[in-house]
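Here's a quick briefing to read alongside the model. Take a look at it first, then follow the notes below.

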Amino acid sequence: MSDTQLPWKRIQDKLQQVLQQYQVLQKDNDRLTKEVKELKTRDAAQAKKIGELENKIAALKTATGQLDEADKKDLDKRLHQYIREIDRCIAMLSQ
């Protein structure tokens, strides 16, 4: 090779290496993006399950009369919120 072709060959070789690294990183990024999406879905499902279980615990405590003061206040607060929401719905329906 001549002296002028040698730098071009090096540049071309480096460019090929960079392109190969880019392709590997792109595949890795796609895999990680898919994994993040799956983990977010799983996290949302678990959060929903936790909420349902907490509601069941609260219902069981209420049914068995095992509420402490904090739980009684929380239950009272939720009941008032539900009543206000029902009142709003009734008001909207009567309009």
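Let's start with Asp13, which is partly exposed at 35% relative accessible area (buried means under 20%, exposed over 50%, partly exposed in between, with a 1.4 Å probe and protein chains only). This is a predicted model, where local features need pLDDT of at least 70, side-chain atom pairs count only at pLDDT 80 or more, and totals for chains, interfaces and linings use all residues. Residues are numbered from 1 along each chain as its sequence is written, and side-chain values use heavy atoms, leaving out hydrogens and water.

**Salt bridges**
- Asp13 pairs up with Lys9 in a salt bridge, with the closest N and O atoms 3.5 Å apart (a Lys or Arg side-chain nitrogen within 4 Å of an Asp or Glu carboxyl oxygen).
- Lys9 is partly exposed too, at 34%.
- Both residues sit in helix α1 (residues 5-64), four residues apart, or about one turn (helices are DSSP runs of H or I, at least four residues, and strands are E runs of at least two, numbered from the N terminus).
- Glu85 forms a salt bridge with Arg88, the closest N and O atoms being 3.0 Å apart.
- Glu85 and Arg88 are three residues apart in helix α2, about one helical turn.
- The structure holds five salt bridges.

**Overall build**
- The chain has two helices and zero strands.
- Its C-alpha atoms fill a box of roughly 90 × 40 × 20 Å along the principal axes.
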